[in-house]
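Here are a few friendly notes to go with the model you are about to open. Please keep the viewer at hand while reading.

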Amino acid sequence: MKKNIQKIKRQIRVRNKLQGTNIRPRMTVFRSNKFLYVQFVDDVKGKTILGVSEKSVDTKAVKTKIEKAKALGVFAAAKAKEKKITTGVFDRGSYSYHGRVKALAEGLREGGMKF
């Protein structure tokens with residue numbers, strides 16, 4: 001139970017410093033054991049603009065989870081450009097900026113996102 005409470009406290013501490021708008025949405029990350037998910041959230045309206053996961057990306061040729069995360073970042077950036085989103089605020093949640101989360105951010109930057 002203590003571990004879960006610490007995770008929630010970290011998440012709140014990170015989110016208190018971030019605010020997403022329609023022009024510059026908050027890009028939030030959820031990491032499960034199998035898949036990685038990214039959402040573009042407008043905090044002013046309280047709505048999700050776009051949500052993408054590794055399930056929707058063709059990652060058959062990619063072997064490692066880090067490479068899949070980078071491919072997801074590039075895919076999510078392309079989908080965001082379709083919705084005319086070019087900038088955002090990266091919200092890592094309770095996860096450290098390392099491994100799959102870092103690879104996702106690099107993929108987003110490679111796809112043309114600025115944050």
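1. A word on conventions. This is a predicted model, in which local features need pLDDT of at least 70, side-chain atom pairs count only at pLDDT 80 or more, and totals for chains, interfaces and linings use all residues. Residues are numbered from 1 along each chain as its sequence is written, and side-chain values use heavy atoms, with hydrogens and water left out.

2. Confidence. pLDDT, the predictor's confidence in each residue from 0 to 100, averages 92 over the chain, and 100% of the residues score at least 70. Helices here are DSSP runs of H or I with at least four residues, numbered from the N terminus. Confidence is lowest in helix H1 (residues 2-15), with a mean of 90, and highest in helix H3 (residues 100-110), at 96.

3. Aromatic pairs. Rings of Phe, Tyr and Trp (its six-membered ring) pair if their centres lie within 6.5 Å; planes under 30 degrees apart are stacked, over 60 edge-to-face, and the rest tilted. By this rule there are 3 aromatic pairs. One of them, Phe-30 with Tyr-37, is tilted, at 5.7 Å centre to centre and 40 degrees between the planes.

4. Phe-90, Tyr-97 and Phe-115 form one aromatic cluster.

5. Accessibility. Buried means under 20% relative accessible area, exposed over 50%, and partly exposed in between (1.4 Å probe, protein chains only). Phe-90 is buried at 14%, while Tyr-97 is partly exposed at 37%. Phe-30 is partly exposed at 43%, and Tyr-37 is partly exposed at 26%.

Technical notes
Helix = DSSP H or I, 4+ residues; strand = E, 2+ residues; numbered from the N terminus.
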